[in-house]
Amino acid sequence: MFHQTRWLRAAHSAPEISMNVSRRFFNASLIAASLYPFTAPNLLAAGEAPVKGGSLKIAWGSEPTEFVPVTTSAGSTQFVGAKLFDGLLTYDIEQKPQPQLAERWEASPDGLSYTFVLREGIKFTDGKPLTSADVAYSINKLKTVHPRGKSTFASVSAIETPDARTAILRLSTPAPYLIAALSAAESPIIPKHVYEPLKDGERIATNAIVGSGPFRVAEWQKGSHIIFNRNPDYWDKNAPLVDRIIVRFISDPSARAAALEAGDIDVVPEDLIPLSDIARFDKLPDYVVDRGPYAYYGSIQQGLSFNFDNEILKKVKVRQAIAHSLNVNEIIEKIYFGNAVPSPTAITVYNKAYHDASQKGYAYDPAKANQLLDEAGHPRGADGFRFTLRLTWNTEGALPATIATLYRQSLSAVGINAVIQTSDFAAFTKQIYTDRAWDLAIDRYGSTFDPTVGTQRFYHSKSFKIGVPFTNPARYLNPEADALWDAAAVEVDETKRRKIFAELQAILLRDLPILPQVVASRNIVTRRTVHDYATHATGSFDSAAQAWIKP
């Protein structure tokens with residue numbers, strides 16, 4: 001029934017797209033004797049083997065409100081939840097699916113069913129077996145209450161469990177992105193016998209969490225730290241390698257860098273070290289800067305949104321002029337300190353499956369910008385300005401305040417008076433998505449693991465709704481683009497799906513509801529004694545079960 005020879009052909013040909021891979025059954029024993037095919041920058045010396053034991057100390061920026069990433073997609077909960085729960089699959093550094101709880105899987109040719117076969121003998125941390133009933137319960141729960149799960153699993157019409165190890169997902173329409181959404185942080189498998197009896201709003205106490213992952217909660221000192229101890233009954237007897245993980249909550253970026261340098265911390269995950277410190281850590285012999293990109297969650301693109309409620313910005317020549325007025329290379333050097341690359345289309349350069357590298361974006365050309373603004377009917381006035389726009393940005397994240405100043409100077413050079421509006425994250429979100437009190441917005445756009453899940457919401461007309469954040473900020477409406485998004489969401493042929501996404505990138509680059517500009521490297525900084533901390537596309541949103549510390 002399970003065609004191992006077909007898998008061997010697939011392994012040698014290394015197909016680029018996950019959907020092609022997923023149409024075959026996979027056997028975990030055939031994956032090079034390891035679930036962790038990618039080696040992080042701390043490469044092993046010849047003959048050097050991983051060492052078991054020790055404590056891995058990680059700095060994190062914000063404290064989670066809960067530990068089970070089922071009702072929330074909050075980053076802190078996903079970060080800790082991936083240590084406590086497994087998913088059906090994990091994803092290598094190229095985002096190709098690999099076995100985790102499921103040792104093999106198959107998608108039907110029409111994309112209307114997925115069959116998963118679980119490993120034998122998996123147990124939850126309370127000793128009870130993990131079965132297909134838990135898979136069915138978890139996916140149905142995610143479909144009901146998870147922010148992204150509601151759409152990811154919307155087409156799942158039924159889940160069959162013919163035996164304890166087999167779960168079959170039946171779909172009403174194809175969902176080619178579903179196979180990419182089964183990581184521990186995104187779609188954890190939780191115990192039905194624990195969660196089904198809970199009443200609405202009721203939660204399991206932290207010290208009573210029953211998980212399926214490589215670690216257990218040992219201690220939660222609120223405002224200070226969490227300690228995870230290794231799960232001695234984990235299904236993978238070779239993991240985890242460290243005895244415990246200690247997560248310390250340090251909200252200040254400079255304090256995180258200082259704690260790492262003092263030896264109090266071993267790892268500072270993605271985006272949590274100030275960009276201005278990256279070059280310094282690069283030169284320190286006892287540290288390693290890993291630039292990722294860890295694109296499963298980390299393909300975060302910075303760009304400029306245009307508010308189509310503004311009559312001036314409805315003119316495509318004005319938007320194109322603004323694109324020509326901004327120097328992407330200057331943004332990379334002055335704002336990101338070199339820790340970014342140009343990313344000119346709606347699908348980022350780190351999405352190797354669907355980014356269209358043939359589309360180059362708008363070159364820095366102030367003369368062209370001035371010409372377009374004249375053609376759009378906006379000559380300079382006596383004061384040198386053509387019109388005034390509100391330029392909004394938020395203070396959360398790694399971007400320095402100088403970014404708004406740089407944009408204002410560039411716009412001023414072509415006769416646009418930009419008035420800076422600085423907001424914290426909550427105020428920014430309200431300004432953009434509820435009050436609509438802005439014209440240009442400097443923002444970052446998370447694309448997640450598939451364009452249908454992560455990128456479509458920024459452009460599809462049906463995504464726009466007053467008060468709903470992170471959806472179509474421009475109020476962009478293009479029936480042609482909508483039809484292409486809808487087609488990509490159900491297209492199971494990868495060649496056709498790539499073509500659809502290429503057409504979309506061309507249309508969006510022409511229409512410019514959002515001007516994509518750069519995607520930053522996702523810098524993980526570790527002490528050199530730490531090995532194999534981030535070996536998957538999920539980066540720090542993985543279990544760290546493969547990480548080890550050299551004494």
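Select Asp271 to begin: with a relative accessible area of 24%, Asp271 is partly exposed, where buried means under 20%, exposed over 50% and partly exposed in between, using a 1.4 Å probe and protein chains only. The model is predicted, so local features need pLDDT of at least 70 and side-chain atom pairs count only at pLDDT 80 or more, while totals for chains, interfaces and linings use all residues. Residues are numbered from 1 along each chain as its sequence is written, and side-chain values use heavy atoms, leaving out hydrogens and water.

The side chains of Asp271 and Arg522 meet in a salt bridge at 2.4 Å, N to O, a link between distant parts of the chain, 251 residues apart: Asp271 is in the loop between strand S11 (267-268) and helix H8 (275-283), and Arg522 in the loop between S18 and strand S19 (524-527). A salt bridge here is a side-chain nitrogen of Lys or Arg within 4 Å of a carboxyl oxygen of Asp or Glu; helices (H or I, at least four residues) and strands (E, at least two) are DSSP runs, numbered from the N terminus.

Next, display the open sheet of six strands, ordered S14-S18-S13-S17-S15-S16 with mixed pairing, two strands being paired if DSSP finds at least two bridges between them. Strand S14 (340-342) and strand S16 (416-423) are at the edges with a single partner strand each, so one side of each has no neighbour in the sheet.

Now pick Asp374 and Arg386, whose side chains meet in a salt bridge at 2.7 Å, N to O. Asp374 lies in helix H12 (residues 366-375) and Arg386 in the loop between H12 and S15, so the pair ties together parts 12 residues apart in sequence. Asp374 is partly exposed, at 46% relative accessible area, whereas Arg386 counts as buried at 12% relative accessibility.

Finally, colour by pLDDT, the predictor's confidence in each residue, from 0 to 100. The mean for the protein is 89, and 91% of its residues reach 70 or more. Over residues 1-41, however, pLDDT stays under 50, and the model has 82 contacts (heavy atoms within 4.5 Å) beyond four places in sequence for them. Where pLDDT is low, the predicted coordinates should not be read in detail.
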